[in-house]
Amino acid sequence: MIFRQRPENKVLILLRLLNCRMVFSESQALTFFTIEKGYEGELISDAWLKGLTDEWLILNDLLFDYHGSRFQIDTLLIAYEKIYLLDIKYWEGDHTIKEDKWFTPTGKPEKNPFHQLERCETLFQRMLHDLGFHYTIESYLIFNNPEFHLYTTSINPIIIFPTQLNRFLKKLNTKPVKLKKSYHELAQRLVDLTIEESPYKRIFPYTYEQQTKGVTCPDCNTFFTDEFICKNCGYIDEGEAAILRSVKEFILLFPGRKVTTNEIYEWCGGIRSKKVIRRVLAKNYKLVGHSLNSHFVPRN
Ligand SMILES: [Zn+2]
């Protein structure tokens with residue numbers, strides 16, 4: 001059973017919004033692509049693990065701080081006196097290992113995923129001991145993109161290739177999993193220990209001025225012109241919903257800026273009058289402060 005669902009990827013949400021409104025540099029575009037791909041791979045992995053029997057405890061996306069060292073685990077599987085630590089790699093193309101060094105399909109050196117996994121396992125093992133659990137940890141690098149290939153002369157049992165995914169799952173399903181209360185307690189303690197990192201700290205800096213102003217189509221991200229009918233895909237939006245969606249985007253992208261009629265009017269690219277914007281804001285948000293300082297905040 002899934003004990004901890006994979007939370008939505010806030011960095012990716014921000015990047016998707018920014019991608020509609022600004023031109024990314026090459027390195028920003030690469031960051032976006034990498035995060036988008038990684039998330040796709042995690043979702044594919046989540047769907048794959050639905051093939052596990054119900055007795056397993058599955059914990060997704062855990063970020064820990066162990067005495068100042070941060071480490072992130074894509075997926076943990078808790079079994080009987082054993083914990084499986086899975087690092088999901090949705091890599092594509094022909095990668096190579098030469099003398100312990102990894103290379104991308106274009107021949108550029110890349111981070112050795114073993115080192116990352118080892119660090120993760122070591123820190124997690126220590127943390128587990130501190131919590132009073134002395135289970136064995138088995139770590140795996142899961143490559144789940146069918147377009148992935150690795151040229152290597154050595155066979156490493158901790159790597160699971162796309163063609164081995166089904167067998168790996170079958171093997172797991174033959175293992176005894178009799179989980180007592182203490183296993184659920186461990187799972188809960190781990191969830192309680194997870195930390196959340198601000199997505200704004202994990203993303204490149206961006207400014208309000210860089211963003212194209214306007215309201216976008218929720219289906220294809222094209223900017224609406226004068227009406228809330230998409231010229232690209234034909235989607236017909238309801239005016240208030242479209243403005244509210246833009247307000248949410250504004251708050252998400254610029255949590256430090258105050259929501260005022262003028263700000264939202266500008267953010268929406270003047271698609272509707274200030275009077276309309278004010279009415280929509282007043283209906284859905286709470287007005288706080290006085291005269292020049294007044295602004296809208298979400299209603300609770
Ligand atoms: Zn559209």
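The model is a predicted one, in which local features need pLDDT of at least 70 and side-chain atom pairs count only at pLDDT 80 or more, while totals for chains, interfaces and linings use all residues. Residues are numbered from 1 along each chain as its sequence is written, and side-chain values use heavy atoms, with hydrogens and water left out.

The zinc ion is coordinated at 2.3 Å by the SG atoms of C217, C220, C230 and C233. Donors are N, O and S atoms within 2.8 Å of the metal (3.2 Å for Na, K and Ca); water is not among the atoms, so sites may look incomplete. The angles among the four donor atoms run from 99 to 117°, and the site is tetrahedral. Four donors count as tetrahedral if all angles lie between 85 and 135 degrees. Along the chain, the donors of the zinc ion are spaced as C-x2-C-x9-C-x2-C. The pair C217 and C230 links distant parts of the chain, 13 residues apart, with each cysteine in the loop between α5 (181–193) and α6 (239–253). Helices (H or I, at least four residues) and strands (E, at least two) are DSSP runs, numbered from the N terminus.

T216 is also placed in the loop between α5 and α6. T216 is buried, at 5% relative accessibility. With neighbours within four places in sequence left aside, T216 is in contact with N221, T222, F223, F224, R245 and E249. Contact means heavy atoms within 4.5 Å.

The chain has eight helices and twelve strands. Its C-alpha atoms fill a box of roughly 65 × 45 × 35 Å, taken along the principal axes. Of its 300 residues, 43% count as buried. Among contacts with a separation of 6 or more, 61% join residues 24 or more positions apart.

Pockets were then examined. Rolling a probe the size of a water molecule over the atoms shows where empty space is left. A pocket is an open set of points on a 1 Å grid over the protein atoms alone, with protein on both sides within 12 Å along at least five of seven lines; lining residues have an atom within 4 Å of a point. Grid points are joined across faces, edges and corners, and a volume is the space filled by probe spheres set on the points.

The largest pocket has a volume of about 2000 Å³. It is lined by 50 residues, of which T34, I35, G38, E42 and K89 are the closest to its centre. Two or more lining residues come from each of α1 (10–21), α2 (26–48), β2 (57–66), β3 (69–79), β4 (82–89) and α3 (113–130). The largest share, nine residues, is from α2. By class, this lining has 20 nonpolar, eleven polar and 19 charged residues. Ala, Val, Leu, Ile, Met, Phe, Trp, Tyr, Cys and Pro count as nonpolar, Asp, Glu, Lys and Arg as charged, and the others, Gly among them, as polar.

The second largest pocket holds about 320 Å³ of space. Of its 17 lining residues, the closest to the centre are I155, N156, P157, I159 and Q164. At least two lining residues are supplied by each of β10 (159–160) and α4 (165–173). The most, three residues, come from α4. The lining of the second largest pocket has ten nonpolar, four polar and three charged residues.

Y39 lies in helix α2. Y39 is buried, with a relative accessible area of 16%. From Y39 to E8 the separation is 31 residues in sequence and 9.5 Å in space, C-alpha to C-alpha. Beyond neighbours within four places in sequence, Y39 is in contact with R6, E8, N9, L12 and R16.

Backbone angles complete the picture. Most residues other than glycine have a negative phi. H67 is not a glycine, yet has a positive phi of about 45°. H67 lies in the loop between β2 and β3 and is exposed, at 70% relative accessibility. D100, also not a glycine, has a positive phi of about 70°. The position of D100 is in the loop between β5 (93–98) and β6 (101–103).

Conventions. Tetrahedral: all angles 85-135°; square planar, octahedral: opposite > 155°, others 65-115°. 1 Å grid on protein atoms, 1.4 Å probe; cavity = no way out; pocket = protein on both sides within 12 Å on 5 of 7 lines; lining within 4 Å. Buried < 20%, exposed > 50% of the residue type's maximum accessible area, 1.4 Å probe, protein only.
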